[in-house]
Amino acid sequence: MKKVFFTVMAFAAIVSSVSLTACSNDDNPEGPSTGGEKIELNGTVEGTLTLDANNEYILNGTLTVADGATLEIPAGTTIKAAKGFGNYILVAQGGKINAKGTADKPIIFTADDEANATAGYWGGLILNGKAPISGATTGYWGGLIINGKAPISGATSGELGSTEVDNNQKYGGTDENDNSGTLEYVELRFTGARSSADIEHNGLTLNGVGRGTTIKNLYITDGADDAIEFFGGTVNVENILAVNCDDDMFDFTQGYKGTLSNCYGVWEAGYTSTEEDPRGVE
């Protein structure tokens with residue numbers, strides 16, 4: 001069940017406000033130019049930022065892909081997130097993420113310390129200070145949020161919503177065919193960090209995402225909240241495997257109108273959720 005697949009594609013470079021700090025023997029501050037380096041990743045992508053699969057990326061803050069910007073992730077890239085609620089990737093309305101992995105070269109988003117990510121913290125030392133709970137899921141880092149311009153339910157046509165973890169980031173609109181990019185052969189591990197009982201991350205949060213966006217062949221595992229939550233939108237998804245997520249596998253709200261094809265959620269034998277009402281579908 002824990003076998004996986006995934007990755008992404010790469011493109012031309014750039015970014016003025018993203019922190020790309022290289023940690024190499026040469027202590028080179030210029031970022032990922034030769035490959036094989038450890039690169040810190042945070043800030044705001046403006047223009048196009050293309051990662052290098054030969055580097056190891058450490059997500060140690062919020063990485064926001066701004067309106068009009070693109071984050072290109074090539075197949076075989078690994079991004080390791082530091083522990084904490086504020087470490088996540090958010091694609092703003094009008095931004096794009098192109099993570100096009102392959103079955104033999106998936107793109108992997110995971111914890112920077114996988115051994116301790118499975119230690120059994122609900123929200124971890126993360127922000128609520130709870131002690132370890134046997135069988136609980138970590139919630140090590142934030143996960144991936146995509147904000148689109150597709151419709152959500154509301155009082156008027158084109159109603160906008162506010163992102164749960166950052167109310168300044170809006171989503172929704174009137175463009176059912178809005179395109180926020182591609183996620184293909186991508187793996188998300190140990191997501192779901194939270195700041196309170198009411199504000200927490202999912203593995204993948206799709207806010208008003210349009211059907212012009214491609215999402216298929218995803219593996220989401222060991223998350224503390226939902227594997228995927230759809231807040232309205234029209235995006236179609238296919239070939240999804242969610243394993244051992246502490247809350248719901250697939251959660252829908254705000255009038256989602258799309259299709260899920262070949263999507264499965266599994267709790268393995270012996271797994272125990274810490275939630276009061278975990279569901280396959282909510």
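1. T213 sits in the loop that runs between β14 (204-207) and β15 (214-221), where strands are DSSP runs of E of at least two residues and helices are runs of H or I of at least four, numbered from the N terminus. The model is predicted, so local features need pLDDT of at least 70 and side-chain atom pairs count only at pLDDT 80 or more, whereas totals for chains, interfaces and linings use all residues. Residues are numbered from 1 along each chain as its sequence is written, and side-chain values use heavy atoms, with hydrogens and water left out.

2. With a relative accessible area of 5%, T213 is buried, a term that means under 20% relative accessible area, against over 50% for exposed and partly exposed in between (1.4 Å probe, protein chains only). The T213 side chain reaches the backbone nitrogen of S180 at 2.8 Å. Leaving aside residues up to four places away in sequence, T213 touches D178, N179, S180, G181 and V235, a contact being heavy atoms within 4.5 Å.

3. The largest nonpolar core holds 49 residues, and those with the most contacts inside it are I73, I97, F109, I146, L183, L204 and L206; such a core is a set of buried Ala, Val, Leu, Ile, Met, Phe, Trp, Tyr and Cys residues joined through side-chain atoms within 4.5 Å. Strand β4 (residues 56-65) gives the most to this core, with four residues. Apart from it lies another core, of seven residues, including Y88, A92, I145 and V165.

4. Again not counting residues up to four places away in sequence, L206 touches I146, I215, I228, E229, F230, F231, G232, V235 and V237.

5. There are four aromatic pairs in the count, taking rings of Phe, Tyr and Trp (its six-membered ring) whose centres lie within 6.5 Å, with planes under 30 degrees apart counted as stacked, over 60 as edge-to-face and the rest as tilted. The F230 and Y256 rings have centres 4.5 Å apart and planes at 45°, so this pair is tilted. The pair links distant parts of the chain, 26 residues apart, with F230 in strand β16 (residues 228-231) and Y256 in the loop between β18 (250-253) and β19 (260-266). F230 is buried at a relative accessible area of 0%, and Y256 is buried at 16%. Together with F252, F230 and Y256 form one aromatic cluster.

6. As for the whole protein chain, its secondary structure comes to one helix and 19 strands, and buried residues make up 52% of its 282 residues.

Notes:
A polar contact is a pair of N or O atoms within 3.5 Å; within protein, one must be able to donate a hydrogen and the other to accept it, and residues adjacent in sequence count only if both atoms are side-chain atoms.
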